[in-house]
Each structure stands twice: as C-alpha cells, then as structure tokens.
Amino acid sequence: MSEITERTPQDVSPAAGPPGRAPSPVGAALGVLTRQREATVFIVAVVLLLYFGIRYNSTFVSQTNLANLLSETAAPIIVIAIGEVFLLICGEIDLSAGFVFTFAPFLMHYLIDFYGWPVWPAIIVSLLFGVVVGWFNGFLTVTMGLPSFITTLGTGFILLGLTLTTSHAYPANIPAATVGIGRWLGAAPWSQFIIAVILTAVFYVVLNRTKWGLYTVATGGNALGAREAGIRTGRIKYGNFMLTSTLGALVGLQTAWYTNTIDPSAGGYQPMFYAVTAAVIGGTAMLGGQGTIVGAFLGGIVLATLINGLNVAGISANPLDIVFGAAILLSMIANVRLARLRAAGRN
Amino acid sequence: MTAEPTPTPAPDGAVADAQGDVLQVEHISKRFGVVRALHDVNLHLGRGEVLGLLGDNGAGKSTLIKIICGFQPASAGKIILEGQEVTFRSVDQARAAGIDCVYQDLALINELTVYHNMFLNRERTRWTLLSNRSMRRTAKEQLDRIGVNIPSVDAEVAKLSGGQRQAIAVARAVTSNAKVLLLDEPLAAMGAKEGAMILELVKDLKKQGQVSIIMIMHNYGQALEVCDRINLLQHGEITFDKMVKDTSVQELNDIVIEEYRRALQERQQAEAG
C-alpha cells in the first residue's frame, strides 16, 4: 500500500524492521510478508508461472498461449475484480457483474443491427447500461436497505432473463461495423490484457491516492464515523456499484470481440466468482475497510495460470475447482493470520 | 420560525451577555417517532467560554450535540451562530460555518493512518491526488504543537491507545479553525493520566481564547475544574444554568440524587398502582 512505500526509514518503528537493521534474511522476508499483503500472492504467481514455464516450456511459453492466458483468461477476472475490490472494501459485493457482462454485447448488437445506431454511440450506451445497473444496485442496497448480496442476486437473475428472452438463447454475430474498434478494445491478442494493466494502474491510484479511495476505506472501516466526519457513504457505495457494473459491461464487450461471437452463455456467475476469488487470494478481506488492487491483479494471474496451466499440461479440469476452493480458504486464513501478525508487529 | 434575535433568558439567573454569545440555541426540540428526546432546549455559549453539559444517560446530551453540529436536524427551534440564524443540512455545512465536533465514538477510521484521520474529509489534494506528504507534515506539526504524543503519524489508528485516539480526534477538531467546538464525553473510557492530557488540552485552548467549547461530561470535579459555566440537561430540558463559581460538586450531586429519589418514587408508585 502506498503509505508503506512512502514511509521514510526514520519513521518506521523498530518492530517493523527497517532495511539494514533486519535481524536475518528469514526475519526480513517475514517482515515483508506481514507488511505487504500482496507479497504472498505475488510469490504464488511467480512460482506457478515458473513451474508451468519450465515444465511445459514449448507450449506454455508460446506467444499464443501467453496471450490466451493473460488476455482471454486473466484480463476479465482482473477487470471485474477491480470493481469487486472497491465494493468489498466499502462492505458490499456485486454478484450481478457477470450478467451485465452477458447482456452488454447483446445490447450493442441490438442497437446497431436492429435500430441502426452508429458504432460509437452503441458501444457507449452499452457501457452506460452498466452504469444504470450499478445505480439500480446502489438504489436497492443503499436507499432501500437491502443487503447487496440479495440485491445483486436479484438483478443478476433479471439480467440473465433479459438476455435469454431478447436473444431467444441464441448466440449472435459481432456487428461487422465494430470489428475494427473491437480489435483495439479486445480482439487483438494482447489488447485485453493491456487494458487490464492500464485499468489496474489507474484504479490503484484511485484507491490509494484519491479522496474516493480514502472514503471507500472509511465507509467500509467505520460507516458511522465516516458519516459523522461528513463523508457521504451512500454516494461512495452508489459509485462503486456503478464502477463494478460498468467494468462488467466492458469485459462483456471485450470477450465478445475476442471470441468473435456474442454468446448468451458467456459471463454469468463464473467470471464474477473468479473475480471475487482473485480479490480474496490477493489479500482483500471481505470484512470491509481493507483491500488491494495489485493483489487482485496478481490473484487474477494466479487463477488464470492454474486454469491455463492445467489445460496445457493436459490434466483434466475437473479437480480445478477443488484447488480454487482450497486456495480461497488458505488465503483467507493467511489474511486473517497475517492481519494479526501485522497488528502485533506494529504495536 | 421567526427571525427575532432575542437572547434566551437563562433559567437559573446566570449571566447571559447576548452580545458576547457566539452560539445561541433556541427552543430546540427533537422527536424520534413518539420519543421526545429534547424539549424546548435553550442554551447559549459565550465567546471563549467552556460550557459543561451534564446530565443523566439518555437525557439528550448527545442528541443536542448532533443537532448543533449538523449531523441530524432538529424537529423545531433554531440555532444562531454569531447573530445569524443558521440551518445545517450536513456536517460539512456546520464545519464550514465553524462548528466542529468530537463524537463520543470519535469517528476515527481504524484502517487509516493518523494523518489521514486528522484530515478526514478535509484532505489536501493536488490535481485530485492526495498530498500525503503535506498532510503528514502538518499533522505532525499540529500534534507536536498541542503536545499529543504518538509513536508515528503513519501508524494506523487501530494501533493507538484510547487516550491517543481521543487526542487525535480532539486535535482534528481543534486544528480545523473551528469557532465552536463540541466535545461529546472526551474523558469517557480514559485513564486518569490520559484524561489529564485531554483536560490540559482544553485548558490550553481556553487560554488561547480562539474557540468556544461545549463539553459533555460526567465527572463533576473535572467539569468544575475546566469549565466556566455548567448546564444540566434532564429529560430533554435544560434545568440548571450556573457559573462554575456559583455552584459546587455538592450542589450538582444533590440535584442528581434528587432526580434519582424522584425516579425511584415514581417507580414505586407505579408498582403500587
């Protein structure tokens, strides 16, 4: 986190182990692990990439496969995870993001092919559709007082039903006019991943260096206190719901371009749950007040490496979910433990 | 509401210099559904004065404070700040007008650093990015100046002791250039040493004379030590208003014992009837 990187040596309490005064390499490593919540997932990501890279060198390290891994598999998880991190920090969750993912490309297709809209307005309105869904999630959660788990469960189903009804559950072709733009935004091998990296960087700054990020933490950390300090916590939550749904819509469009088809079975719960998984194994506790964008990015890489690596290794994908489940539990245990260690270390 | 700026006559013959009042609260009532939390509360605060607000639990002290600082609206009545009637729709508005509050729960965010807490909702930014360096420096200076001792402004507030947390909250309010400072039980849940630190802080502020303070307190001895005047809030009404020099711990105790006696009697009568 930024406070840590900005800390000048003389301000660090001795217990936190400043460089040069570290007792031993092991102690120093432990110090980094306890202070940087992204450290664990970073190590796991590196180990996994090295393992598959060395073991299945020719296939795994090929440009096609890496583009596949990072763009097709990792990027959607990462981009939705960015939104989920903001929501988890302010104490909410969005289960519907994956269904905005499903519907957004259909909306673009309807607007262009059925209503004759030009390309850019159709794309922008499809993204704005995410903003509207996010606003509605915010309205139900913040203004009507429903728990966001239920709110977004409901809106998710509605969006799925909307997709299936309007598409008659059939896939559609990408509108021809969008193919050119689609290359930049998602179809070219690396574009999805590059956009995911850019969004990670941007929202890292938003979370750590802007009022919005600070107020998101304050809202999740102490909602009453934040309100007493004059922070409009409702507005923060509305905004983060809108962010997450819009990112869901973006990923939906990107995936449609990348796979060159608009598929009613794309999206759904899986990318959303992968995104939440990435956030959690990246170090975002679901308790509110804490979370990391870089951790979610690395979490997305870890998940994608496992999905892709087992595929390359020719191992059945069936046990994959066992691995993911265990990873969620282990990283959550680690989060809780490390949080305690951190608390003890800084006193 | 009428705009008549008549000063409130003090109920118990205390000196009320309307010209010197920085804050007047007139006929404030507050209902929560059928519950009457405050009833026709009149209160005034002189410039540079420290007013102790005493009263039983549930008497409405915190509600009154939260109305003055804009956290919640009154059902009726008006607030006059430096001769102007004001209506606050939010804490921000009250703060902009010069009223700042330290809540009983301190409104600190555990997950944020000391300096981020000190600047909460008043952050310094440059090109929309937080100016962390500048906020750190200022927070450090301000804490040093008022003599608050904490290990580091980079520490998360969760790591601080109760007294340190209270000091951060008070320092935050003090350094916001407030004209009126509301302190809701600043000495609650605090050891003697830490409590003394906060009392010293209030005394220093009083000496500087820049800020007028309303302080909710429970300990009469401490109240008489630091305050200029005492108001007592009972069942949502101000029933007592005296300068500190005209009252004593004994008198305050007697009033409260009387209140207990009456409550007990009422209960016994209710049980008998």
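**Labels and their cut-offs**

Tutor: In α6(B), the buried residues are B:M197, B:I198, B:L201 and B:V202. This is a predicted model, in which local features need pLDDT of at least 70 and side-chain atom pairs count only at pLDDT 80 or more, while totals for chains, interfaces and linings use all residues. Residues are numbered from 1 along each chain as its sequence is written, and chains are lettered from A and ligands numbered from 1 in the order in which they are written.

Student: What makes α6(B) a helix, and how do you know what its span should be?

Tutor: A helix is a DSSP run of H or I with at least four residues, a strand is a run of E with at least two, and both are numbered from the N terminus. Helix α6 of chain B covers residues 192-208, which is 17 residues. The expected span is 1.5 Å times one less than the number of residues. That rule gives 24 Å, and the end C-alpha atoms are 24 Å apart, so the two agree.

Student: Why are the buried residues of α6(B) said to line one face?

Tutor: Seen down the helix axis, they fall within an arc of 135 degrees, so they line one face of α6(B). The arc is that of the directions from the helix axis to the C-beta atoms. On the other side of α6(B), B:A192, B:K193 and B:K207 are exposed. The buried residues of α6(B) pack against β3 (50-55), α5 (162-174), β10 (212-216) and α7 (220-226) of chain B.

Student: Why does A:N240 count as buried?

Tutor: A residue is buried if 20 or more other C-beta atoms lie within 10 Å of its own, exposed if 12 or fewer, and partly exposed in between, with C-beta atoms placed from the backbone. A:N240 has 28 C-beta neighbours inside 10 Å, so A:N240 counts as buried. A:N240 is in helix α13 (residues 233-259) of chain A.

Student: What label does B:D40 get, and why?

Tutor: B:D40 has 13 C-beta neighbours inside 10 Å, so B:D40 counts as partly exposed. B:D40 lies in strand β2 (residues 35-46) of chain B. Its phi is also a positive value in a residue other than glycine, near 50 degrees.

Student: Which residues is A:N240 in contact with, and what makes that a contact?

Tutor: Two residues are in contact if their C-beta atoms, placed from the backbone, lie within 7 Å. Leaving aside neighbours within four places in sequence, A:N240 is in contact with A:F86, A:L87, A:C90 and A:T216.

Student: How many residues of chain A are in contact with chain B?

Tutor: 24 residues of chain A are in contact with 28 residues of chain B. The largest share of the side of chain A that touches chain B, five residues, comes from α11(A).

Student: How do you know how chain B compares with a compact globule?

Tutor: The rule is 2.2 Å times the number of residues to the power 0.38, and the radius of gyration is taken over C-alpha atoms. For 273 residues a compact globule would be near 19 Å, and chain B has 19 Å, so the value agrees. Of the 273 residues of chain B, 45% count as buried.
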